[in-house]
Amino acid sequence: MTFKILNALLAIIAGIGVSLALYWVLNFVVERLPEKWEARLKPWVFIGPAILLIAVILIYPAIRTIILSFFNRSGDTFVGLENYANLATDTAFYTTLVNTLLWIIVVPVSAVILGLLVAILADRLAPRGEKITKSMIFMPMAISMVGASTIWGMIYDWNPPGTDQIGILNAIVVALGGEPQVWLQIQTLKLNSLLLMVILIWLQVGYAMVLISSAIKGVPEETVEAARIDGANEVQAFFRIIVPQIWGTVTTVFVTILIGVMKVFDIVYVTTNGLYGTNVIANDFFVTLFQFYDSGRASAIVVILLIAVIPVMIYQVRRFRAEEAMK
Amino acid sequence: MRRSKAISLGAIAAATALVATACAGGDGGGGSTGGGGGGGGTVEIVGAFSGEQQTGFEEDIAQVSEDLGIDIEYVSTNQFEVVLPSRVAGGNAPDIAIFPQPGLLKDLVAQGEIVALADAGVDVDAITSASVPGLVDTATVDGTVYGVPYSVNGKSLVWYPSPQFEDAGYEAATSYQGLVDLTDQIKADGTAPWCFGVDVGWPGTDWLEEFVLREGGPEVYQQWIAHEIPFNDPVIVKAAEDVAGLLLADGNVYGGQQGITANTFDVADDGLWTDPPSCYMHKQGNFITSFFPEDVQADLTANTNFFRLPPIEEGDPAPMLGGGDYMAMFDTENADAAAVIEAIASPDFGANSAQTGAWLSPYVDFDKSLYANETLANVADLIYTSEVFGFDASDQMPGQIGNGAFWTGMVEWMGGQKDLNTVLDEIEQQWADLEASQ
C-alpha cells in the first residue's frame, strides 16, 4: 500500500517535473533564436503542447471513433454504412433519439426559465434573504448526478399498497386517497422521462441562477429608470430593457446546459438503466460498448451524438464572436 | 550578451537527455505495480467479488501462499467487465482472472488472450472430475478447457419463512403440478403465494431458464443457448407458460403486476418477513440470504428454509440452475499461476471462505461442515447431488441477447407491456439480426 502511494507520488512529481522541464527547455531553445523568430515562435512554444495534447486525447480518438463506426462489432471488418442502417431501422433506437431530443429541449429551457425567475425574485429580496435563497438553490450543484439520482429515486419510490410509502410522492398520493404508482415506469406522455429530467433541472437551476443573477446586477440602473420615466410598467421594463441586456448570458447558460444534457448518462443508468422507454444516447452507447462489446454500433451511436452537437457548437462560437465584435 | 552556439547546443542536448530519462523513470514508476506474466514469485489475481467473500478468500490464499512459497495478491474491481479487457488490451493482464460470467471469458478465448489450462500444466482432468458435474463444460471451447470453477451457486431454490410456512400446514412441492396446487392453496388462504421482482430482467430470465431446463432437458437447454433452436420454439413457449402459471395469474405475486416491475431483487423478498407473511415463497439464488433482514440472518436455519424448484414430474432427474466463477490465465509459461490455480481448484481450498457464508465450493468433496450454517450446507448438498446442472443461460448467450433483449423482454412480458409471443418473436428477431451482422 505504502509502495503504491509512493509510486503515485513519484508519478505526480515526475509528471509535473517533466512538464516544467519541457517548457523550460523549449523556452531556452527559442531564446537562442534570432529575435524576430523568437517573437514569432514563443506563443506556439507555450500553447503548442496543449494543442498537441488535445489532438492526441481528443481529436485522434474522435477520428478513430468515426472510422470504427464503419467496422463490425470487433472492429476488424469493414461493413460500410451497416451500423447506421441498423440504427435507422431499430425502433428502440428511435425511442432513444426522441428521448434525447426531449431532454435537450426540456431541461435547458426549464433550467434557464427557473433560474431567471429565481434570479429576478431573489434580486427583490433583502440582501440577507437573497443570500440564503441563492445558497439553497445553488446547493444541488454540489451533488453528483449519481447522488441526485439516488435521492430522487427515494422520492419516486414505490411500496406495495397497504404498507408504509417511503417515497414522498407516493406518500402524498396515498394521503390524498390515491393508489401508489410506480412512477418511473409510467410511459404515458413520457411521464417517466420527464420525472428523470426533473432531477437534472434540479441540479442545473442553481448554475443558471448564479450567472443570470450577476448579469441582472450588471444591468445599468439608469436604463431601467429611463424606461420607468417613459411610462413602462415592471413587465415591460423587464422584457424590453433587462432581458435584451442579459440575453448573451442567457444563451450562454442555455447552450452550456444543452451540451451537458446531450451527454446525460448517469441519471438514466442509475434509475431505470434505459428500460421502460427512458433510454438516452449516452446510456445506449455505454451499454452497447461495455455490455454488448459492439464497438461498431457503439461508435455509430456516438458519431450521431457528435453530429448533433456540432451545430450547437457552431452557433455558440458564432454568437461569441459577434458579441466580441460588438465590444 | 549571447553565449556561443556550441555551448547552447550542448546544453540543449543535455537537457533533452535529462527529460528523456525523467520520462522513462516516470513510466517505470507508474507501470511497475501491474505485475508481469510469471516469474518474480508474485501472482496477481483480479476478480469481481469484494466484502466478506474477499476477506475469506484472502485468508485462504494466504495459506496457499505459505504452502507454495508464492506471494499472492488479490485485486477486487466492481467494474470487472470494463477493467479486465482494457488491461488485457493494454498488455497488462493479471496472472489469474476470476470471471463472474463465462461470456467475457469466451470472448477473450476467441481473441486468443486466454490460454488452455492443460498447456500451462494444470491438471484439468482431475479438477473436472472433482467439480460439480457439467460446471467445467461451460468454460470449455471446442473440447479445450480454458477455465476451472472457483465457486458455485444454485438458483433453483424456493425460500420460505419456515415457522409460518409450516404452521399454515404448507408442504414443499415435488412436481410442477404440486407447486401449482400449493400456489392455489396459499392464494385460497388469502395471501399472495409468491414474492417476486423482475428488477432489470435477470430474475425473469432465471425463471424462464428454470423451466426450459425442466421442459427440454439439458440438451435442448444447450441448443437454446447456442441458438440452434429459435427463441420462440414451442419448448420455450411451454416453459414460459409454466412460469406464467405460477407468477402471472392475478393475485399470485405480492404487490401485483406493479410489484413485479417495481421490486428490485434486494427488496423482492421483503414480503416473506412481515408478520404475518405477505407472501410465502421466493425463488432466488443462495446469495439472497445475505439480503435477508438481520434478525432472520441471525439464525438462518430456524427462520427460513428452502426446497428445490421441483422437476415437472415427480421422479424426473433433479435439476439445478446455477452459476459460478471461473479462473483463467493468460500465459502458458506462468508456472506460479498454474500452481495457484491448482491449489484453489481443490476440495481442500476455502475453509475461511466457507465461513463467510458468501461462497460455496464447486468441488463436491468439500467438507460441508465448514459452511457457516446448516442452511448453506444444505444448499451445497442440493447442488452437489443434482442430476442435471444448468449454467445460467443468459450469461452464456451473446451480451446483446443475454444481458440485453432477453432481460428487456422479460421485463416487458412480466410487466404486462407486451404479450409472450410478441416478446419471444422480438428476441428471436434480434438474435437473427445479430447473427446476420456478424
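The model is predicted: local features need pLDDT of at least 70 and side-chain atom pairs count only at pLDDT 80 or more, while totals for chains, interfaces and linings use all residues. Residues are numbered from 1 along each chain as its sequence is written, and chains are lettered from A and ligands numbered from 1 in the order in which they are written.

**Chain B**

Chain B contains 18 helices and 12 strands, taken as DSSP runs numbered from the N terminus (helices H or I, at least four residues; strands E, at least two). Along the principal axes, its C-alpha atoms fill a box of roughly 100 × 50 × 45 Å. Of the 438 residues of chain B, 47% are buried; a residue is buried with 20 or more other C-beta atoms within 10 Å of its own, exposed with 12 or fewer, and partly exposed in between, C-beta atoms being placed from the backbone. Helix H18 (residues 420–436) of chain B holds B:Gln429, whose C-alpha atom is separated by 40 Å from that of B:Asp381, 48 residues apart along the chain.

**Helix pair in chain A**

The axes of helix H6 (residues 145–155) and helix H8 (residues 191–217) of chain A come within 10 Å and cross at roughly 125 degrees. Such axes are lines fitted to C-alpha atoms, for helices over the stretch in contact, with angles from 0 to 180 degrees between N-to-C directions. H6(A) and H8(A) are therefore oblique to each other, since angles under 35 degrees count as roughly parallel, over 145 as roughly antiparallel, 65 to 115 as roughly perpendicular and the rest as oblique. A:Met145, A:Ala148, A:Ser149 and A:Trp152 in H6(A) meet A:Ile199, A:Trp202 and A:Leu203 in H8(A), a contact being C-beta atoms, placed from the backbone, within 7 Å.

**Nonpolar core**

The largest nonpolar core has 167 residues, a core being a set of buried Ala, Val, Leu, Ile, Met, Phe, Trp, Tyr and Cys residues joined through C-beta atoms within 7 Å. H8(A) gives the most to this core, with 12 residues. Beyond its neighbours within four places in sequence, B:Ile341 contacts B:Ile96, B:Val122, B:Val148, B:Met327 and B:Met329.

**Local backbone features**

A cis peptide bond joins B:Asp275 and B:Pro276, with omega about 0 degrees. Two non-glycine residues with positive phi are tabulated below.

| Residue | Phi |
|---|---|
| A:Lys190 | near 55 degrees |
| A:Asn273 | about 55 degrees |

A:Lys190 lies in the loop between helix H7 (168–175) and H8 of chain A.

Notes:
Two residues are in contact if their C-beta atoms, placed from the backbone, lie within 7 Å.
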